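The following report describes the fold, packing and surface of one protein chain. Please consult the sequence and coordinates alongside the text.

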Amino acid sequence: MIWGTTEFRCSKCNKVFTAPNAEYCATILSTPMPCPRCGSIRTMPLLAYLNPFNISIYRKIWETMEGNVAKRERNGEKA
C-alpha cells in the first residue's frame with residue numbers, strides 16, 4: 001500500500017530526497033527507495049533514524065533486497 005510521500009536519506013551519500021512511502025511486506029516499515037544521486041537502495045525514512053533499532057532492521061532489509069537483485073542478475077532476469 002502507498003501511504004503518500006516521505007523524506008528518505010541515503011546511507012551511502014547522505015542525500016535527503018522525497019519518494020513514495022510504500023509499506024514493506026505488510027509491516028509498518030517503509031520500502032527502501034533508490035537514491036536519485038547514487039542509485040543505492042540503502043535508504044530509509046528520516047524519521048526511522050530517531051530509533052537506533054530501526055537501523056539494524058533496515059540493514060537486514062537492504063541485504064535481502066540486494067541478494068534478490070543479485071539472484072535476478074545471475075539468472076539473466078531484468079528488474
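The mean positions of the 11 positive and 6 negative charges of the protein lie 5 Å apart. Lys and Arg count as positive and Asp and Glu as negative, while His and the chain ends are not counted; each charge is placed at NZ of Lys, CZ of Arg, CG of Asp or CD of Glu.

The model is predicted, so local features need pLDDT of at least 70 and side-chain atom pairs count only at pLDDT 80 or more, whereas totals for chains, interfaces and linings use all residues. Residues are numbered from 1 along each chain as its sequence is written, and side-chain values use heavy atoms, with hydrogens and water left out.

The protein contains 1 helix and 3 strands, arranged along the sequence as β-β-β-α. Its radius of gyration is 13 Å, close to the 12 Å that the globule rule gives for 79 residues, so the protein is as compact as a globular protein of that length. This radius is taken over C-alpha atoms, and the rule is 2.2 Å times the number of residues to the power 0.38. Helices (H or I, at least four residues) and strands (E, at least two) are DSSP runs, numbered from the N terminus.

Overall values for the protein are tabulated below.

| Property | Value |
|---|---|
| C-alpha box along the principal axes | roughly 40 × 30 × 25 Å |
| Buried share of the 79 residues | 33% |

Buried means under 20% relative accessible area, exposed over 50%, and partly exposed in between (1.4 Å probe, protein chains only).

The largest nonpolar core has 9 residues, among them Tyr24, Leu29, Ile41 and Trp62. Helix 1 (residues 52–75) supplies the largest share of this core, 4 residues. A second, separate core of 7 residues includes Phe8, Phe17, Ala19 and Met33. Such a core is a set of buried Ala, Val, Leu, Ile, Met, Phe, Trp, Tyr and Cys residues joined through side-chain atoms within 4.5 Å. Beyond residues up to four places away in sequence, Leu29 touches Trp3, Ala22, Glu23, Tyr24, Ile57, Tyr58 and Ile61, where contact means heavy atoms within 4.5 Å.

Ser11 lies in the loop between strand 1 (2–10) and strand 2 (16–22). At 32% relative accessibility, this serine counts as partly exposed. Apart from neighbours within four places in sequence, Ser11 is in contact with Arg42, Tyr49 and Trp62.
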